[in-house]
Every structure is written in structure tokens, then in C-alpha cells.
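Open the model in your viewer and keep the sequence panel beside it. This tour tells you what to select at each stop.

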Amino acid sequence: MAIGINTLGLYRPGDSLLHRAGAAVKLVGLLALGAMSVWLQGSWWLVLVALAVVACCYLLAGFGVGVLAKQVRPMLWILAFTAAMNWWAADWQRAVSVVGMIATLVAAAALVTLTTPTTALVDVVVRGAAPLRRFGVDPERIGLTLLLGIRCVPVVAGLAREVREAQIARGAVRDIRAFAVPLLVRALRDADAIGEALVARGFDD
């Protein structure tokens, strides 16, 4: 399976402060935001402040608000459903808190990948997992798993776009099966190709 390198990564080169910050610093910051999310969700306005801070970070990195919106757009239906359920079960403040926090975390995670080369992220994870080697954990395999996970996101998104365009060309715009089945088949086919490539390189256990 031939996949161009530009299709695989989300990283966008730049010279901003966020681009120059170390991968470890950004990952720790992302983990800290995730831990703080439990406390932030207690007040809907704090969640909006956190989202505004992340939006300012996008501007600081040289990206427009449109780039932020593009990261969250694939989740709009999920966010809308989550908001409706929380509003029905509690109130609008709870809906804003939950949905806003999800959008904030997704946007922040996307910003890390936009400003950090994938190899740098993987290197940090491999170094961080090195102490686990004494317990039989292979840090290199953890890094490989992370790398495949990151790289597969834009690949699957590209497949979804191609299937959607073919669906529109056939006039089956509202047929969910006409979209889901071809996407699943193509994703599984590509997964098999990746698996065969890994086996050929000795990653078969």
C-alpha cells in the first residue's frame, strides 16, 4: 500500500513558540489539561475560558480559528447528541460544560500534533516507557503502536472523504449503508496491508 508521507502526518512546520516548545512539555500540558477537566466542568464559564485559551494558542501558533474548527468539525454530530442528552438530563449549563470540555480537549490534542513532528511525540513516549522494560514491556512497540494510531487517523479520514464523494456521485446521499460498508471494507483492506508489512519486518508476535 503506497501512501504519501504528506498524507500521514498532521504536523505543520512553523517557528512559533509552540512549535519550538519540547514535545515532552506539550504532552505534559495536555495531560494536565485532561486532569483539570474534572474540575473545570464544575463551572460552564470555566470551560469556555479554557476553550478560549486553546483558541488563543492556535492563533499564537500561526493558525486561524478555521483550523481549530476543522479539528472539531468531524465530531459535530456527537457533540450535538451529547449536548441534547445532558440538557435533557440536567440543564443547559451541564450541556455547555460537557460539550465544551470535549471540544477543548480535542482541539488541544490536535494542536499538539499540529505543532509537533510525529517522530518527536513517539520518541518522548518511548523514553517515558523505558523504565517499564524491566517488567517485560517493550517501549519500541508502544512507540510503534502510537505511531500507527496517529498516522491512521488522516488515512481513515481520507478514505471517508473518497467514499463520501463516490456516494454523492451515485446519488445515494442519505444511504448510511452506502457510506459505512465501503468505508469499513477499505479500512479493513488497508489494515490487512499494514499487518502484512509489519509481519514481513518481524513484528508478528
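What share of the residues of the protein chain count as buried? Of its 205 residues, 29% do. Buried means under 20% relative accessible area, exposed means over 50%, and partly exposed lies in between, with a 1.4 Å probe and protein chains only. The areas come from the Shrake-Rupley method with that 1.4 Å probe, and for residues only the protein chains shown count as cover.

This is a predicted model, in which local features need pLDDT of at least 70 and side-chain atom pairs count only at pLDDT 80 or more, while totals for chains, interfaces and linings use all residues. Residues are numbered from 1 along each chain as its sequence is written, and side-chain values use heavy atoms, with hydrogens and water left out.

**Stop 1: the helices**

Switch to a cartoon view. The protein chain has 10 helices and 0 strands. From the N terminus on, the order reads α-α-α-α-α-α-α-α-α-α. Helices (H or I, at least four residues) and strands (E, at least two) are DSSP runs, numbered from the N terminus.

**Stop 2: the core**

Select Leu 40, Tyr 58, Phe 63, Val 72, Ala 107 and Leu 111. These touch the most other members of the largest nonpolar core, which has 22 residues. Now colour α3 (23-40), α4 (44-60), α5 and α7 (92-115), the elements that give two or more residues to this core. Which of them gives the largest share? It is α7, with 8 residues. A nonpolar core is a set of buried Ala, Val, Leu, Ile, Met, Phe, Trp, Tyr and Cys residues joined through side-chain atoms within 4.5 Å. In soluble globular proteins, nonpolar side chains tend to be buried together.

**Stop 3**

Met 101 is buried, because its relative accessible area is 2%. Draw a distance from Met 101 to Leu 40: C-alpha to C-alpha, they are 8.0 Å apart in space and 61 residues apart in sequence.

Next, pick Thr 104, also in α7. Its relative accessibility is 0%, so Thr 104 counts as buried.

**Stop 4: the nonpolar patch**

Select Trp 44, Trp 45, Leu 48, Val 49, Val 53, Trp 87 and Trp 92. They make a nonpolar surface patch of about 720 Å². The helix that gives the most to it is α4, with 5 residues. Leu 48 sits in α4. Is Leu 48 buried or partly exposed? Leu 48 is partly exposed, because its relative accessible area is 37%. Patches are made of residues with over 30% relative accessible area and no salt bridge; like charges are joined within 9 Å, and nonpolar side chains (Val, Leu, Ile, Met, Phe, Trp, Tyr) within 5 Å.

**Stop 5: the positive patch**

Now select Arg 12, Lys 70, Arg 73 and Arg 161, which form a positive surface patch. Lys and Arg count as positive and Asp and Glu as negative; His and the chain ends are not counted. The place of a charge is NZ of Lys, CZ of Arg, CG of Asp or CD of Glu. Zoom in on Lys 70, in helix α5 (residues 65-72). Lys 70 is partly exposed, with a relative accessible area of 48%.

**Stop 6: the salt bridge**

How many salt bridges does the structure hold? There is 1. Show the side chains of Arg 20 and Asp 15, which meet in it at 3.7 Å, N to O. A salt bridge is a side-chain nitrogen of Lys or Arg within 4 Å of a carboxyl oxygen of Asp or Glu. Arg 20 is exposed at 54%, and Asp 15 is exposed at 60% relative accessibility.

**Stop 7: α3 and α8**

Finish with Ala 24, in helix α3, and Ala 120, in helix α8 (residues 118-129). Their C-alpha atoms are 8.6 Å apart in space, and the two are 96 residues apart in sequence. Ala 24 is partly exposed at 36%, and Ala 120 is partly exposed at 24%.
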